[in-house]
Every structure is written in structure tokens, then in C-alpha cells.
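Thanks for coming, everyone. Let me put the structure up, and then I'll walk you through it.

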Amino acid sequence: MNKVENKTLTISYREYVSSAELPLAEKNLLEQAVAMADNAYAPYSKFNVGAAILMDSGETVTGANQENAAYPSGICAERSALYYAGAKYPDVPIRAIAVAAKQDGAQTEDPAYPCGACRQAIVQYEVKFGSKIKVIVGGAGKIQVFESISDLLPFVFDNI
Ligand SMILES: [Zn+2]
């Protein structure tokens, strides 16, 4: 006798139409991500992404996507910042990461979300420190704030 349950997963997040409405710490972090998009090296996609990480120490670590002619050798903005943070401050938890993108020199209207690989990488640091990492994705006309990366990657692989 099979018993099937249909279940629903709900996530909640904050959404703003302007970064001016964000709490100051989130606004500052997002502004750094927007500025960092100018440091991207994206000759192939021409999609410049910046990321800014707020450490538990209050320090900020930033990154930008770095592309390569051998495509898989490049890395996203989020992971360039994450791995730098992990290498430089191995014992400091990560509190938040902000992500923003520019095309043709202007911030995209809609947010750019972390790709699947970056979501998994962010999860790893939640697991490492046992504390949530807030994700702030910012477009010029829409900003969303997720209190944990698990909101963007439910049923994550962290079994090992
Ligand atoms: Zn990515």
C-alpha cells in the first residue's frame, strides 16, 4: 500500500524597487558589488558581474567574473570573492553576499542570480560555519534579499 504526500515548498524574501530603501549595511554591500562589476574580465559574454561579501568581522571581500578562452577555466564573481574570503580569512564566517551585473556599462534592470555552482559554493560556507549567509541580488529596478542561500537552493547536497 503506497502512501503519497504532496508537499509544497515556500520561500520568503524581501523585494525593493530601489537600493535607497535597503537597510544601510545591505545598501553599502550592494553598491560595492555594482562597482566591482567594472573589474570583471568578460570578453566573451560581455556580462560583467560583481560580488561583495560581508564577513563577520565587518570586513568586505569583493570579486568579479574572470573569463577564459577555455570556458570552464573562468570563474563567476561570487566564487572569485568566496574563495578569496575563504583563503584570506579561513576562520571568519561570511554574513552576506551581494551580486550585481552590468551590460554595456549599465547595471542590469533585473537582478542577476548566482548560478547553480555558485549557490552550491555559498552553501558550503553556511555548512562550514553553521550560520546563514544572506544573499542580496540587485538590479537597477529590482532588489531581492534572501536570508539564507538555502532559500535559493533547497534540498541541497551536503550529505558527506
Ligand atoms: Zn556562478
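Lysine 46 sits in the loop between α1 (24-36) and β2 (48-55). A word on those labels: helices (H or I, at least four residues) and strands (E, at least two) are DSSP runs, numbered from the N terminus. Before I go on, two ground rules. Residues are numbered from 1 along each chain as its sequence is written. The model is predicted, so local features need pLDDT of at least 70, side-chain atom pairs count only at pLDDT 80 or more, and totals for chains, interfaces and linings use all residues.

Back to lysine 46. Its phi is positive, about 55 degrees, although lysine 46 is not a glycine. Most residues other than glycine have a negative phi. Is lysine 46 buried or exposed? Lysine 46 is exposed, because it has 11 other C-beta atoms within 10 Å. The cut-offs: buried is 20 or more other C-beta atoms within 10 Å of a residue's own, exposed is 12 or fewer, partly exposed is in between, and C-beta atoms are placed from the backbone.

Next, aspartate 104. Aspartate 104 is in the loop between β4 (94-103) and β5 (106-107). Aspartate 104 has a positive phi near 55 degrees, and it is a residue other than glycine. With 7 other C-beta atoms within 10 Å, aspartate 104 is exposed.

Now the inside. Which residues have the most contacts inside the largest nonpolar core? They are Ala33, Val49, Ala51, Ile53, Ile97, Ala98 and Val99, in a core of 41 residues. Which elements each supply at least two residues of this core? They are α1, β2, β3 (60-64), α2 (77-88), β4, α3 (116-129), β6 (134-138) and β7 (143-146). The most comes from β4, with seven residues. By nonpolar core I mean a set of buried Ala, Val, Leu, Ile, Met, Phe, Trp, Tyr and Cys residues joined through C-beta atoms within 7 Å.

Take alanine 33 from that list. Beyond its neighbours within four places in sequence, alanine 33 is in contact with Gly50, Ala51, Ala52, Ala98, Val99, Ala100 and Gly138. Contact means that the C-beta atoms of two residues, placed from the backbone, lie within 7 Å.

Alanine 101 is in strand β4. Alanine 101 is buried, because it has 26 other C-beta atoms within 10 Å. Alanine 101 and alanine 33 are 68 residues apart along the chain, yet their C-alpha atoms are separated by 8.2 Å. Leaving out neighbours within four places in sequence, the contacts of alanine 101 are Ala37, Phe47, Asn48, Val49, Thr108 and Ala112.

Over to helix α1 and glutamine 32. Glutamine 32 is partly exposed, with 19 other C-beta atoms within 10 Å. Residues up to four places away aside, glutamine 32 touches Ala52, Thr60, Thr62 and Ala98. From glutamine 32 to isoleucine 53 is 21 residues in sequence and 9.1 Å in space, C-alpha to C-alpha.

Serine 19 is in the loop between β1 (14-16) and α1. Serine 19 counts as buried, because it has 20 C-beta neighbours inside 10 Å. Apart from neighbours within four places in sequence, serine 19 is in contact with Lys27, Leu30, Gly138 and Ile143.

Last, a pair of helices. The axes of α2 and α3 come within 10 Å and cross at roughly 25 degrees. So α2 is roughly parallel to α3, a label that covers angles under 35 degrees, with over 145 roughly antiparallel, 65 to 115 roughly perpendicular and the rest oblique. Axes here are lines fitted to C-alpha atoms, for helices over the stretch in contact, and angles run from 0 to 180 degrees between N-to-C directions. Who meets whom? Glu78, Arg79, Leu82 and Gly86 in α2 meet Cys118, Ala121, Ile122 and Tyr125 in α3.

Finish on isoleucine 122, in helix α3. Isoleucine 122 is buried, with 25 other C-beta atoms within 10 Å. Its contacts, neighbours within four places in sequence aside, are Glu78, Leu82, Ile97, Pro114, Ile133 and Ile149.
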